[in-house]
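Trainee: Can we go through this model together? I'd like to start with the pockets and then move to the salt bridges.

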Amino acid sequence: MQWRNAPSLADGELVSGNYFSLLGIKPVLGRVLVPADSDIRGGSPLVVLSYRYWKLRLAADPSVINQSIFINGNPFTILGVAQPGFDSVIAGTVPDFFVPITMKAQMTPAWDDLENHRSRWLNIIARLKPGITVQQAEAGINPLWKSLRATELQSIPARSQRFRDQFVAQSYVTLLDASKGFSPLRQIMRMPLLILMGMVGLLTLMATANVGSLLLVRAAGRIREISVRYALGATRDRVARQLLVEGLALGLTGGLCGLALAPAIAAGLIDFVNPAASSSGMTSLSASPDVSVLLFCIAISVIASILFSLAPIFQFYRPKVATALKQQTVTAEGGHARFRRLTVGVQIGLSILLLVGAGLFTRTLANLKSVDVGFVTDHLLAFQINPRLAGYQPSGIAPLYRRLIDTLGSQPGVQSVGMTDDPVLAQSDNTFSIEVPGYQQQEGERLNFEWEHVTPNYFATLQLPVVAGRAFSDSDGPKTAKVVVVNESFVRKFFGNNDQAIGRTFGERGSVGKSPLLIVGVVKDAKHFDLHQPPQPIFYSPIFQEAAPGAVAVYVRTQQEPEDAAGTVRTAISGIDSKLVVDSLQSMHEQIDGTLTSERMLSFLAVGFGIFAIAVTAIGLYGVLAYSIAQRTREIGIRMALGATQASVVKMVLREVAILTGTSVAIALPASIALSALVKSQLFGISGRDPATLLFVALTIAAVALLAAWAPARRATQVQPSTALRYE
């Protein structure tokens, strides 16, 4: 997008003329699109700006209405600005502008599929008529859908009966609730967010149990006070209400403090997850809690307050008033002591679950970062460029790419330059269906594989070894035989070994009249889509054999650190053509990190939750032990008067801690192994039974328990028998 001779990249959305009216979106300035604006193909160069883009990029200038702005080198008239708060019906995306769907050829110059009914690129939204249910709407639209599918089937080459049944009889249109928008991001983040919600739930239970145990300890010191209240005529219900009000005041105060900190913490988390979008302001994620979040948090605070208030309420519901008024110690009753130990045991168990999760997710992130991707990622700079967006015609793209390669390759510190139309490790794919002579395709098997068009130095730049045959050369041009290089997985699937693959041919399915693809080389397997997926069959062909190359990802192998060469690259490209916009210029390590958003978020938050859980457990254990030692002062004094040593007293305290901790570990570790099956899809290179993780967690819990018990145990050894015998 070019505004006042300043080019920049912007995201657009192709929409029908009734898009805004269907959604009820009003303009804050000018007008929005109407149905007549999408009637003529290529005849409505009109654009509606998003409020966010208008404010951040155009300084909220009201005079932009009816002015021209260039998009992909084509002039568009600014119609209006959409209302604030609206981004898109596709939740999680933040388009900068909206243009009529009939302008697709101008928006995607190398991909005009407006009338290609086999191309899938549209999201269809509809509003139901009043009184019509979803089931009725589906019943009305599916006969039309099946009729269209039956017509389409006639143009597809002969397929099995199973395929024909799946294509028509078993094909249905399902209407989905779009009240919260479509959301690919929601599907991607669904499982990580559910895991985080589970961790938050465990942490909430821990905090509730911790506060409950501490309130129980505190309540033990109030027995005389409460007994006096009972003696003066207070009823059980009144005392229970007082304790409940105290608990609610405590819980709501904590909840309000949390809500006050939430926006800052959420903003930091958003910046951590997606720093580029956050810093530019072009993100749909909000750090401010809405009404539903506020109500949920308040409800959780109330429920937690009620739960941890139950412990002192039950303790005081049937007090021994006469005994308490005589100032005799009654707070170490067996039932209450067992309950306090139980709450601490629960905290230890829950902390183990959180620590195991933290260990698994941290190990997963470490495994992904250290996995062998098949090529050398160090000293590799990556960026993307699309000449069509700068107004280049197809015939001028190949000469431009050659000039870019020569110019960048001559820069100081640059070793080599390679290009591909299908970026690696960027969660991008470009698959095609092929036919291999002699290969017997199984019923239902799909031969769809990655097809990259690359420059001659691509393999050398990535340092992706050629294990058989040859790589591409400058002589592989439009007038020479169509050649390809395949990877080892491709060879194993179709030919068995490298020697049998060289010289063989195959073709794109349905490519009648096209030249076959001749295999001239084999390269080592390398990951392509992301770090999770193992290497899949891939074939490569020379990009300069294409009549009209498309957008490319450019890789620059540098001698210095890639970040140090970024400025040189930008300057060199600007010197060739200032209209060319360099997109996503970053080192390969930064690009890979960008695909690990959910893993990084899970690891970061899981570790934070684990540390918090350890702290909560240590506080709870310390509080209960300190109180227990205080209540057993007389007992300990008698033991020491009868000859018990300080070591035996410490041993007594530590034995109690060891039994409590050991029991919790014995219960929680198998539970964590069982629960790890629920997060199996989020793990990589590690299982929920990983011995190192389980051992580390057990040792960590044991160390924390010993540290928490050390001070109470040491205090117990300092009890003087003469003082203890007078203790009451």
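Trainee: Which residues lie nearest the centre of the second largest pocket?
Mentor: Ile-195, Met-199, Leu-202, Leu-675 and Val-679, out of 17 residues that line the second largest pocket. Helix H6 (184-220), helix H12 (334-370) and helix H21 (646-675) each give two or more residues to that lining. This is a predicted model, where local features need pLDDT of at least 70 and side-chain atom pairs count only at pLDDT 80 or more, while totals for chains, interfaces and linings use all residues. Residues are numbered from 1 along each chain as its sequence is written, and side-chain values use heavy atoms, with hydrogens and water left out.

Trainee: What counts as a pocket?
Mentor: On a 1 Å grid over the protein atoms alone, a pocket is an open set of points where a 1.4 Å probe fits, with protein on both sides within 12 Å along at least five of seven lines; lining residues have an atom within 4 Å of a point.

Trainee: And what volume does the second largest pocket have?
Mentor: About 330 Å³, taken as the space filled by probe spheres set on the points.

Trainee: How many charged residues are in its lining?
Mentor: The lining of the second largest pocket has no charged residues, with 13 nonpolar and four polar.

Trainee: Salt bridges next. How many does a search of the whole structure find?
Mentor: Eleven, each a side-chain nitrogen of Lys or Arg within 4 Å of a carboxyl oxygen of Asp or Glu.

Trainee: What does Arg-363 pair with?
Mentor: Asp-690, with the closest N and O atoms 2.8 Å apart. The two are 327 residues apart: Arg-363 is in helix H12, and Asp-690 is in the loop between H21 and helix H22 (691-717). Helices here are DSSP runs (H or I, at least four residues), numbered from the N terminus.

Trainee: Is Asp-690 buried or exposed?
Mentor: Asp-690 is buried because its relative accessible area is 12%, and buried means under 20%, exposed over 50% and partly exposed in between (1.4 Å probe, protein chains only). Arg-363 is partly exposed, at 32%.

Trainee: What about Asp-37, which partner does it have?
Mentor: Arg-31, at 3.0 Å between the closest N and O atoms. Asp-37 counts as buried at 9% relative accessibility, whereas Arg-31 is partly exposed at 33%.

Trainee: Which residues form a salt-bridge network?
Mentor: Arg-41, Asp-112 and Glu-115 are linked in one.

Conventions:
Nonpolar A, V, L, I, M, F, W, Y, C, P; charged D, E, K, R; others polar.
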